[in-house]
Amino acid sequence: MDKLLGLYQHSVQKMHCYFTPLLLLFTRLWVASVFFKSGYLKITTWDSTLYLFEEEYQVPILPWELAAYLGTAAELILPFFLLLGLLTRPMAAVLFVFNIIAVVSYPVLWEGGFYDHKLWGLMILINVVWGAGLISLDNPLKKRFLAK
């Protein structure tokens with residue numbers, strides 16, 4: 001029985017070594033894709049974006065025009081960092097806060113899209129907690145700078 005449990009534990013550790021980097025890559029790419037597409041839509045329909053920020057979205061604290069520019073910039077820039085796996089933890093943390101602001105700012109979203117934002121938030125948190133993994137630019141940079 002001990003031999004069987006040892007074999008099982010060894011197999012789980014091997015799978016963990018292979019699947020964890022893939023999971024971290026998958027979550028980064030999925031979230032980057034979702035937010036980049038949203039930012040791209042905002043920038044290609046700028047008049048509609050400005051209208052939505054002025055009339056529909058209720059972004060706390062910020063003036064609507066500044067919120068439109070900052071929100072669009074966040075959705076275009078932050079996914080690029082996630083895609084590359086560069087500065088993943090801080091960029092994912094900023095995107096996590098951005099995701100919360102998006103949910104709070106658009107109450108209509110709660111009926112249909114709240115589930116998606118919770119899923120994306122969880123995927124973002126995975127990268128905040130565990131980083132980008134082996135398949136990222138963070139990995140060789142970490143090795144280079146921590147080796148000194």
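A salt bridge is a side-chain nitrogen of Lys or Arg within 4 Å of a carboxyl oxygen of Asp or Glu. The close-ups below show a predicted model.

**View 1. Glu75 and Lys42 meet in a salt bridge.** The side chains of Glu75 and Lys42 come to 2.9 Å, N to O. The pair ties together distant parts of the chain. Glu75 sits in helix α3 and Lys42 in helix α1, 33 residues apart. Glu75 is buried, at 5% relative accessible area. Lys42 is buried too, at 13%. A search of the whole structure finds one salt bridge.

**View 2. Arg28 is buried yet has no salt bridge.** Arg28 belongs to helix α1, which spans residues 2-44. Which side chain of opposite charge is nearest to Arg28? That side chain is Asp138, 7.1 Å away. A salt bridge needs a nitrogen within 4 Å of a carboxyl oxygen.

**View 3. A nonpolar patch lies on the surface.** Its members are Tyr8, Val12, Met15, Tyr18, Phe19, Leu22, Leu134 and Ile135. Together they have about 840 Å² of accessible area. Leu134 is found in the loop between α6 (114-130) and α7 (138-146). Is Leu134 buried or exposed? Leu134 is exposed, because its relative accessible area is 52% and the exposed class begins over 50%.

**View 4. Four glutamates form a negative surface patch.** They are Glu54, Glu55, Glu56 and Glu65. Glu56 lies in the loop between α2 (46-55) and α3 (64-84). Its relative accessible area is 31%, so Glu56 counts as partly exposed. Patch members need over 30% relative accessible area, and Glu56 has 31%.

**View 5. Tyr51 and Glu65 are 9.4 Å apart in space, C-alpha to C-alpha.** In sequence, 14 residues separate the two. Tyr51 lies in helix α2. At 48% relative accessibility, Tyr51 is partly exposed. Glu65 is one of the residues in the negative patch.

**View 6. Ile61 and Leu87 have positive phi values.** Most residues other than glycine have a negative phi. Ile61 has a phi near 75°. Ile61 is in the loop between α2 and α3. Its relative accessible area is 86%, so Ile61 is exposed. What is the phi of Leu87 near? The value is near 50°, again positive in a residue other than glycine. Leu87 sits in the loop between α3 and α4. Its relative accessibility is 44%, so Leu87 counts as partly exposed.

**View 7. Thr88 is buried in helix α4.** The helix covers residues 88-105. How much relative accessible area does Thr88 have? The value is 0%, so Thr88 is buried. Thr88 and Gly113 are 25 residues apart in sequence. In space, the two are 25 Å apart, C-alpha to C-alpha.

Terms used. Residues numbered from 1 in each chain as written. Predicted model: local features only at pLDDT ≥ 70, side-chain atom pairs only at ≥ 80, totals over all residues. Heavy atoms only, no water. Patch = residues over 30% accessible without salt bridge, like charges linked within 9 Å, V, L, I, M, F, W, Y side chains within 5 Å. Areas by Shrake-Rupley, 256 points an atom, 1.4 Å probe, with all protein chains shown as cover. Lys, Arg positive; Asp, Glu negative; His and termini not counted. Charge placed at Lys NZ, Arg CZ, Asp CG, Glu CD. Helix = DSSP H or I, 4+ residues; strand = E, 2+ residues; numbered from the N terminus. Buried < 20%, exposed > 50% of the residue type's maximum accessible area, 1.4 Å probe, protein only.
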